[in-house]
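The sequence and structure are shown first, and the description follows.

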Amino acid sequence: MDKLIIEGGRRLTGRVKVSGSKNAALSILVATLLVKGKTKLYNLPRIGDVWTMLEMLNKLGVKVKLEEDFAEIDANEIESYEAPYELVKKMRASFNVLGSILVRCGRARVPLPGGCDIGTRPVDFHLKGLQAMGAEIRMEHGYIEAYADKLRGADIYLDFPSVGATCHLATAASLAEGTTYIRNAAEEPEIHDLFNFLNQAGADIKYIDSRVIEIKGVEKLRETSYEIMPDRMEAGTFMIAAAATEGDVLIEGIDPVYLKPVIEKLRETGCEVLEMENAVRVIGKRPIKPVNIVTLPHPGFPTDMQQPFTALLMIADGTSMVTETIYDSRFKYLSELARMGADVKVEGRTAVIKGVKELTGAPVVISDLRAGAALVIAALMARGVSEITGLENLDRGYENLEGKLASLGASIKRVAEESRECLV
Ligand code: EPZ
């Protein structure tokens, strides 16, 4: 296994281009199962989670061809209605193939995803929604068995605006008989990207009100080519890294409108943030002012930016409070930051961060994707050298992170875990 060696204290300067969105790509790849034919996807990020989803599609009989700048997904034939446990265990998002397999095959068998490092994460909204559309659902031996000759339109209310349930149910409803409404639905930009893809393929999906989606079922979807939106979480990570290193970075290929909460909170810390047509520039300042953050569904502050932003607040000039409302245990990484000298304690769903003068480099382990971003940012800020392991979690969602950071002047290197190599 590899590790990252980072020597902190370097200012990040220059420009960096954002890759395609992981979360939009995953839900669009699931939706390609509904196209009896070929789909060409451009700007598909080359990351671990995308490889896992392509492997899942392949196991279902879909033919995948990876070209230089696009992937061709041929779902003309679906040969299996069963999703392999080892892939769903590896990545929860692959559970969402359930609805699409059910629509294509009239039955589906998909393992129930377990919990993960950031929270319990049940899928009850997904199952309730499919049942409302007429699916017969059984749970046996850790698998969900679903049956339906043809899904029919339904009026579905979500207890919480779940991103996954919104994508899963809207995708399945696009080929249902009649019209479906999803109320209290999620509105994340990645969902709009999914709907743009489905509508381009012939579906009829739109938001008719805030958090209300109308899906008029159609007979079939047609072959199409689609360019996936940029990854706003990757962009946000670079923005925070620029602030954390008192740097000056231009993040290209992202519309600032997708990052308003992160931009506002960075400005509150005293950073200068310049918004441009398809780019954002962050100029870090000192001291960093403490801020309070509450994570919320979009358009609130995104939970996926909670961990990277909290890392920045470790060296703020005062006390900050960060409240996580989406997941019930997304503070595990704080014990690793404490190893770097952070002064933080958790009370219920709130982390109370007393800013310290500096962090110091240390060996730390990544427990989940965004925890990885937080530890990399902390290491870039810290005095001395950090050794970061658990990179498989980071590689799931960041394309060539160390290459991009090195191009901005970071002292960062990926080496084999057993290597005694160091940076100097
Ligand atoms: C998506 O996860 C993203 N993943 C997550 O990003 C992101 O954190 C999350 O949305 C919230 O923005 C992908 O898009 C692949 P949810 P998802 O359903 O769909 C509860 C990253 O770092 N819930 O909106 O799984 C659930 O437990 C990842 O890129 C139910 O109770 O999130 C959670 O507390 C991490 N029952 C809350 O809703 C359900 O049936 C939000 O979950 C479904 C969800």
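Helix 6 lies across strand 9, strand 10, strand 11 and strand 12, and runs at about 170° to strand 10. Contact here means heavy atoms within 4.5 Å. Axes are lines fitted to C-alpha atoms, for helices over the stretch in contact, and angles run from 0 to 180 degrees between N-to-C directions. Helices (H or I, at least four residues) and strands (E, at least two) are DSSP runs, numbered from the N terminus.

The model is predicted: local features need pLDDT of at least 70, side-chain atom pairs count only at pLDDT 80 or more, and totals for chains, interfaces and linings use all residues. Residues are numbered from 1 along each chain as its sequence is written, and side-chain values use heavy atoms, with hydrogens and water left out.

Helix 6 covers residues 163-173, and nine of its eleven residues are buried. Buried means under 20% relative accessible area, exposed over 50%, and partly exposed in between (1.4 Å probe, protein chains only). Among the buried residues of helix 6 are Cys167, His168 and Leu169.

The four strands form an open sheet in the order 9-10-12-11, with mixed pairing. Strand 9 (155-157) and strand 11 (205-209) are at the edges, each with a single partner strand, so one side of each has no neighbour in the sheet. From one strand to the next, the twist averages 20°. Two strands pair if DSSP finds at least two bridges between them. Strand 10 (residues 179-183) and strand 12 (residues 212-216) pair in the antiparallel sense over five bridges, and Thr180 has Ile215 of strand 12 as its bridge partner.

In the loop between strand 11 and strand 12 is Arg211. Arg211 counts as buried because its relative accessibility is 17%.

**Helix pairs**

The axes of helix 4 (residues 97-105) and helix 6 come within 8 Å and cross at roughly 10°. Helix 4 is therefore roughly parallel to helix 6; angles under 35 degrees count as roughly parallel, over 145 as roughly antiparallel, 65 to 115 as roughly perpendicular and the rest as oblique. Leu98, Gly99, Ser100 and Val103 of helix 4 meet His168, Thr171 and Ala172 of helix 6 in this contact.

For helix 8 (residues 232-244) and helix 10 (residues 306-313), the axes come within 10 Å and cross at roughly 5°. The contact is made by Ile240, Ala243 and Ala244 of helix 8 with Pro308, Phe309 and Leu312 of helix 10.

**Strands 17 and 18**

Strand 17 (residues 292-294) and strand 18 run parallel and are joined by three bridges. The bridge partner of Val294 in strand 18 is Thr323.

**Backbone angles**

| Site | Feature | Angle |
|---|---|---|
| Arg286 to Pro287 | cis peptide bond | omega near -5° |
| His298 and Pro299 | cis peptide bond | omega about 15° |
| Asn184 | positive phi | phi near 55° |
| Arg211 | positive phi | phi near 60° |

Pro287 is in the loop between strand 16 (279-283) and strand 17, and Pro299 lies in the loop between strand 17 and helix 10. Asn184 is in the loop between strand 10 and helix 7 (189-200).
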